[in-house]
Amino acid sequence: MTGYREAVVDLDAISANVAHLRALTGTAHTMAVVKANAYGHGAVPVARAALAGGADWLGVADIAEALELREAGIGAPVLAWLHDPDTDWSAAIAADVDLGLSSAVQLQQVADASATLDCTASVQIKLETGLSRNGVQESEWAPVLALAAELERSGRVRVRGIFSHLSNASPAEDTEAIARFDRGLALAAAVGLTPELTHLAASAAALRLPAARYSMVRLGISIYGLSPFDDASSADLGLVPAMTLRGRVAAVRHVPAGTGVSYDYTWRAPVDSSLALVPLGYADGVPRQASGRAQVSIGGVLHPVVGRIAMDQFVVSVGLEPVAVGDEVVLFGDPASGVPSADDWAHAAGTINYDIVTRIGRRVPRSYRAAE
Ligand SMILES: *Cc1c(COP(=O)(O)O)cnc(C)c1O
């Protein structure tokens, strides 16, 4: 490795994860969710790898994220579903970005923008089915769907899809949401809408709730090779973690028993010890909450993080192992190779693997590995 901080992303793993998930879910369409810079992995390279693996849709939160994909020359269908009240819809419509809409106001604004551009905007209506976030409230389904049908007949919009999102609170609650979603789809049919896409499941339901698969699944965490479940690992699901976070030892020192380490001396060497300094900190997304709880791998040996994780660096106690300045330190990667996993860090920090990979900061250069 070259730099002393690096997130290496295995693009072949992403393609393979998508192909595996496609075979498993068997839906007509597969959306790869690449919001938030592809959960920290890099939106553009990940989008290309996911499409190579068989995804035929890309999903993002914001229009700005969708336009970033378009500017990179990615022409595949893209859906953006979270919008600023003052959104300029025209840029998205002109770039052929599908708009996930959650209200009559948004529908009308999009129809006005497409009238100005003299074109048809492709929209997907989001129904609220129990997550209490965005989506059209059930009491508004009938009027909003009727408005969508009317705007479709006038040529201002095409209702390409109807979708919702699950809470994953429990199988029973998700099953209730499925029933609610089905009522919404029936209402849409009754007003004359014929959406080509209906979708409800993210990774968790795509894997464990076949009834939620409809015509497309929206896969985020699983394409990165991470499990959405507490009770199943990546390997259990046939997935390969794509990101390896690593650095190089910046300093080594030998200290006598009793020496305090890092801010507040939350750890003192119980015996004479060798300490290695790792040049990543919470500015790089290494969670401070994992201070004194996480482990890293140096030369294939696991060592504990000791003392507080600081903004730019943390300290590892390496016992009597021969560790030298410049040695590679792996914070997390594919546990099949014996290194800690993103799940291990999530456990140490009291959070979820989504948070561990997505929070990796921009001071950490991403590099990409692929067979060709
Ligand atoms: C983030 C997101 C997803 C992907 O969720 P995962 O659990 O990462 O698969 C799917 N749909 C919507 C609406 C999302 O916001």
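Author: Contact here means heavy atoms within 4.5 Å. This is a predicted model, where local features need pLDDT of at least 70, side-chain atom pairs count only at pLDDT 80 or more, and totals for chains, interfaces and linings use all residues. Residues are numbered from 1 along each chain as its sequence is written, and side-chain values use heavy atoms, with hydrogens and water left out.

Reader: Happy to start with α3. What covers its buried residues?

Author: The cover includes α1 (11-25), β2 (29-33), α2 (35-39), β3 (57-60) and α4 (63-71). Helices (H or I, at least four residues) and strands (E, at least two) are DSSP runs, numbered from the N terminus.

Reader: Why are Ala43, Val44, Val46, Ala47, Ala49 and Ala50 of α3 called buried?

Author: Buried means under 20% relative accessible area, with exposed over 50% and partly exposed in between (1.4 Å probe, protein chains only). Those six residues of α3 (residues 43-52) come out as buried, so each has under 20%.

Reader: And what follows α3?

Author: Glycine 54, with a positive phi near 115 degrees.

Reader: How much area is buried between them?

Author: About 840 Å², with carbon and sulfur atoms giving 61%. Buried area is the accessible area (1.4 Å probe) that two parts lose on being put together, summed over both.
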